[in-house]
Amino acid sequence: MDSRTQEFVEYVQGGGQVEVDDWMPDEYRKRAIKFIEMHGNSELMGVLPEREWILRAPTLQRKLALTAKVQDEVGHAQLIYRVVEDLGKPREDCLRDLVDGKAKFHNVFHYPTQTWGDVGVIAWLVDAAAIISQKALLKCSYAPYARIMKKICWEESFHILHGRDVILAMVTGTDEQRELVQESLNRWWGPLMQFHGTKIPADEDPMVHWRIKSQGNEEARQQFLEGYVPQIWELGLTVPDPDLRRGDDGVWTYTEPDWDELMSVVTGHGPRSEERLAFRRRFLDQEKWVRDTVLAA
Amino acid sequence: MIFEVFRQERKGQAFAHAGSIVAPTAEFAEAWAREQYGRRGESEALWLVPRDAVHTVTDWADEFDLKYRRVDGYSIKARLKEARERAGTAAPGAS
C-alpha cells in the first residue's frame, strides 16, 4: 500500500470523512460505488412488492399511507443514485446494470407479497432491519452518502410506525387476521435473519476497513433481535425458530440462517427476481421518452 | 445541470447542505426539490445553487503564523504567575 493510501485509511479509520472532490484510492471509490449503488437498487426494487398492494389496500387511509411510503422509497433511490453519479457511475449505467441482472439488490425484495400481512411485516420488520444498517451509515466515511442518510432514516421511522399500525390492527382483529400475520412472519423470518449478511467478523470486512460501513453484520443482526423480538413476542406472535433465545449475557442465539438461500436469491434466483427485473426493464424502456424530453428542456 | 440543495429547517437556523438534484432548468429543480425536501413540511426554506456557481475553498495558508488571532495563540499562564508574585497576590478563590 502506498503512503497516500495508508494515510487515507488512517484518516477514515480515525472517523475522517471524504467529500466528493477529495482524492480517494481507486479501491475505495470502487467499493463505495458498488455498496451505495446496491442500496439505491434496493430502494428502487423494494417498492415493487409493496406497489402490488396499493390497489388492494383495505382502506383509503392505508392506500394513501402505502402510496406515500412508495414515494419515499423511490425518492431515496433518487438521492442515492445522485451520490453514485458523483462518484463516477452515471444513473443510466446503474439502471442498465440493474435490469441486466449485473447488479444486486437486497434479498428481501426478491420474495412475493402474498397477503396484506406481508405488507405489515415488510413495513415494520424489513424496514426495522434496514434502519439499523442505515443508522450505522450516518457515520459512513463518504460524507455525501452519510448526509442523505439523515433524511432516509427520518422517513424510515414513519414506515416502521405505519407497519406496526398495520400489524396492530390485525392482531387486535379477527382470529383469521391474527393468523394472517403469524403466517407472514413465518415466511419472512428466514429472509429477515439473512438480511444483515453472513457473520464475517467486522475486522475482516473490507467495507468496515474503509469505514464505508461502521458496523459488523452480526452486530446489526443482534441489534435487530434485541430491539424487535420482544416486540413480536408481546403481541403473542411466535418467532418460527425453536432455538431462538436471549442468553444471560444479552447475546441472542438462533438457528443458522440459510446462507445458500441468501446467495442464490441475491444473485437473481429468488422467487420473484426475474419478474421484478422484467417489470423495471419494461418501464425503463417505456419511459425513456420522458427522460429524454425532460433533460432536453 | 446539477443543483446543490441547502435546507433550512427552522427560521433563524443555518442552511445546511442536504443533497443534490439533476435538472435541466431551475424550474424543474424547484419542482423536484419541493417534493424531495419539503413534502412533509420539514423545511422552512431551500437554496438551490447550480454546482458550477459554488466557489470552493479548501486550502488554508498560514505562512505568517497568525496564531495571535486564535485562543491557542496566547500563553498567559507563566506571565500571570509572575504578575501575582510581583503584586504579592494569589489567584482569586485560592486561599
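This is a predicted model: local features need pLDDT of at least 70, side-chain atom pairs count only at pLDDT 80 or more; totals for chains, interfaces and linings use all residues.
1. Helix pair in chain A. Helix α2 (residues 26-51) of chain A packs against helix α3 (residues 60-87) of chain A at an angle of about 160°, and their axes are 9 Å apart. Angles over 145 degrees count as roughly antiparallel, and α2(A) and α3(A) are therefore roughly antiparallel to each other. Their crossing is left-handed. The residues of the contact of α2(A) with α3(A) comprise 14 nonpolar, four polar and seven charged.

2. Sheet of chain B. Chain B contains an open sheet of three strands, ordered β2-β1-β3, with antiparallel pairing. The edge positions are held by β2 (16-22) and β3 (45-50) of chain B; each has a single partner strand, so one side of each is left without a neighbour in the sheet. With direction ignored, neighbouring strands of this sheet are turned by 30° against each other on average.

3. Pairing of β1 and β3 in chain B. Strand β1 (residues 2-8) of chain B is joined to β3(B) by six bridges, and the two run antiparallel. For Gln8(B), the bridge partner in β3(B) is Ala45(B).

4. Helix on the sheet. Helix α1 (residues 26-38) of chain B lies across β1, β2 and β3 of chain B. Relative to β3(B), helix α1(B) runs at about 140°.

5. Contact between the chains. Nine residues from chain B and nine residues from chain A take part in the contact. On the side of chain B that touches chain A, the elements giving two or more residues are β2 and α1 of chain B. The largest share of that side, five residues, is supplied by β2(B). By class, the side of chain B that touches chain A has four nonpolar and five polar residues, with no charged residues.

6. Glu37(A). This residue is found in helix α2 of chain A. The threshold for a buried residue is 20 or more other C-beta atoms within 10 Å; Glu37(A) has 25 C-beta neighbours inside 10 Å and therefore counts as buried. Leaving aside neighbours within four places in sequence, Glu37(A) is in contact with Val84(A), Lys89(A), Cys94(A) and Ala103(A). Asp127(A) lies 90 residues from Glu37(A) along the chain, and the C-alpha atoms of the two are separated by 18 Å.

Methods. Residues are numbered from 1 along each chain as its sequence is written. Chains are lettered from A and ligands numbered from 1 in the order in which they are written. Axes are lines fitted to C-alpha atoms, for helices over the stretch in contact, and angles run from 0 to 180 degrees between N-to-C directions. Helices (H or I, at least four residues) and strands (E, at least two) are DSSP runs, numbered from the N terminus. Angles under 35 degrees count as roughly parallel, over 145 as roughly antiparallel, 65 to 115 as roughly perpendicular and the rest as oblique. A crossing is left-handed if the near helix is turned anticlockwise from the far one by less than a right angle, and right-handed if clockwise. Ala, Val, Leu, Ile, Met, Phe, Trp, Tyr, Cys and Pro count as nonpolar, Asp, Glu, Lys and Arg as charged, and the others, Gly among them, as polar. Two strands pair if DSSP finds at least two bridges between them. Two residues are in contact if their C-beta atoms, placed from the backbone, lie within 7 Å. A residue is buried if 20 or more other C-beta atoms lie within 10 Å of its own, exposed if 12 or fewer, and partly exposed in between; C-beta atoms are placed from the backbone.
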